[in-house]
Amino acid sequence: MKIKTIFVFVIFLGINFHSLSVKGQVQIGGLADFEIRKGGSDSSPYVNQTPNENISVYTPYLRLFISGNISRKWFVSAALQADYYDGKQLSSPFFSVMNINYMPVDESNFTITAGRFVTPYGAYSSRVLSSDNPFVHLPLSHASGLPISKTLGTLIDGVDYGDDITGLTMVYQRMYTQGIMIGNRVGDSGWLRYNLAATLAAASSHFEYGEHATPAFTGRLVFQPFVWGRLGLSLSHGSYMKRDEMNEVLSDDELKNYTQTLFGTDVELSYHYFTFLASYNWSKWEAPYFDSLGTPLLFVWEDEVQVQHISSELIADFPFLPGAYAAIRLERLISGDLKNNQSAYNYEKWTYDRERIEFTTGFKLDRNVILKASYLYSTNGGTELDDNVFALQLSAGF
């Protein structure tokens, strides 16, 4: 059924873009990931991006890319995607990217984008695709579920990752959002790049439609005065909670006042065959809290929860074997305190710290085919989790 859906979609595109081909060029391509994984007994999509503890042979991501010119100043871009987001089954195809773009100024890269696009936050906003990510896994900031929900708020007793209620990541794992964005590349060398967006939700959440009267804000600035070094600054602020029967006790005004504030900075340095990237992210959620059963019938108090993420990675290309490289990433997710306005202690530990090391080696088998081998080693403060994982990934573009 899913293959049939994609086939019908391609035919639809061919018919509807035929008239565009007279004025401009329509480009269609794709990317498919194939993986073999073996993780520990506590493996899950929100722990180590692994379906379960068994040996898995599957396609975590399938993407079909479409772009077309409408005129000299207008163009459209889209990506049809199916993935194992929750680790249980391949999702039905959906548009992770679908937008229209306008470039009003001649001889300028200034662009106005409306629709669905990649969330302009953090260094990994340019590593959404496996072909651009030197590692197999996303960093903890994008992949580790935290005990906070966009329907229930603070989950102080933790998250049962086997239930439908799963914790948010600092940045929404699929890394796309909806809204209006402006972007530009300044100077011939691109010494300054920026993307500023008004969106439906803050970076950790995602809505299919409008939930609140005021938009969220997400933006990224990149300074690159030298070819060997760049500095990135990212910020996101806005409502993250979604209306649901589980939070119907909250008014619309109360719901929109629960916000996420997310700040990040990253530095990348390159020297000969080596690339070093260091990142820091800090997030705070203003959140409601319900009773320990998770029922929306009893609203108890308001909480403020925080978490930090630090990461450093080193990538070394092999000069003796073009297309081959090795990489290592060390990172830590640091739990902050939970501020409880009605607690006698006022501050409590929110969640546990998490540390990961990922070793990866990759080789470009062909121009659009990359093979990677990865071992992910994890330690979790205050809780024993068997969540190390070995993975082989083949990314094939067409």
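How many salt bridges does a search of the whole structure find? The search finds 18, a salt bridge being a side-chain nitrogen of Lys or Arg within 4 Å of a carboxyl oxygen of Asp or Glu.

**Before you start**

This is a predicted model, where local features need pLDDT of at least 70, side-chain atom pairs count only at pLDDT 80 or more, and totals for chains, interfaces and linings use all residues. Residues are numbered from 1 along each chain as its sequence is written, and side-chain values use heavy atoms, with hydrogens and water left out.

**Whole chain**

Show the cartoon. The protein chain has five helices and 20 strands. Helices (H or I, at least four residues) and strands (E, at least two) are DSSP runs, numbered from the N terminus. Of the 398 residues, 49% are buried. Buried means under 20% relative accessible area, exposed over 50%, and partly exposed in between (1.4 Å probe, protein chains only).

**Stop 1: strand β1**

Select residues 26-39, which form strand β1.

- β20 (residues 389-397) runs antiparallel to β1 over nine bridges. Find Ala32 and its bridge partner there, Ala396.
- β3 (residues 61-69) is antiparallel to β1 and joined by seven bridges. Val26 has Gly68 as its bridge partner.
- β2 (residues 56-58) is also antiparallel to β1, with three bridges. Glu35 is bridged to Tyr58.

**Stop 2: Asp33**

Stay in β1 and select Asp33. Which side chain of opposite charge is nearest to Asp33? It is Arg63, 4.7 Å away. Asp33 is buried and has no salt bridge. (Lys and Arg count as positive, Asp and Glu as negative; His and the chain ends are not counted.)

Show the side chains of Ser130 and Ser395. Asp33 makes a polar contact of 2.6 Å with Ser130 and another of 3.1 Å with Ser395. A polar contact is a pair of N or O atoms within 3.5 Å; within protein, one must be able to donate a hydrogen and the other to accept it, and residues adjacent in sequence count only if both atoms are side-chain atoms. Beyond four places in sequence, Asp33 also touches other residues, including Tyr58 and Gln393 (contact: heavy atoms within 4.5 Å).

**Stop 3: aromatic rings**

The structure holds seven aromatic pairs. Rings of Phe, Tyr and Trp (its six-membered ring) pair if their centres lie within 6.5 Å; planes under 30 degrees apart count as stacked, over 60 as edge-to-face and the rest as tilted.

Select Tyr58 and Tyr84. Their ring centres are 5.0 Å apart and their planes at 85°, so the pair is edge-to-face. Tyr58 sits in β2 and Tyr84 in the loop between β4 (74-83) and β5 (94-102), 26 residues apart. Tyr58 is buried at 12% relative accessible area, while Tyr84 is partly exposed at 26%.

Next, take Phe318 and Phe320. This pair is stacked, with 5.3 Å centre to centre and 10° between the planes. Phe320 is exposed, at 67%.

**Stop 4: salt bridges**

Select Arg72 and Asp106. Their side chains meet in a salt bridge of 2.9 Å, N to O. Arg72 is in the loop between β3 and β4 and Asp106 in the loop between β5 and β6 (111-118), so the bridge ties together parts 34 residues apart in sequence. Arg72 is exposed, at 67%.

Move to Glu268 and Arg230. Their closest N and O atoms are 3.2 Å apart. Arg230 is buried, at 12%.

Finish with a network of salt bridges: select Arg127, Glu313, Arg329, Glu331, Arg356 and Glu358.

Key. Pairing = 2+ DSSP bridges.
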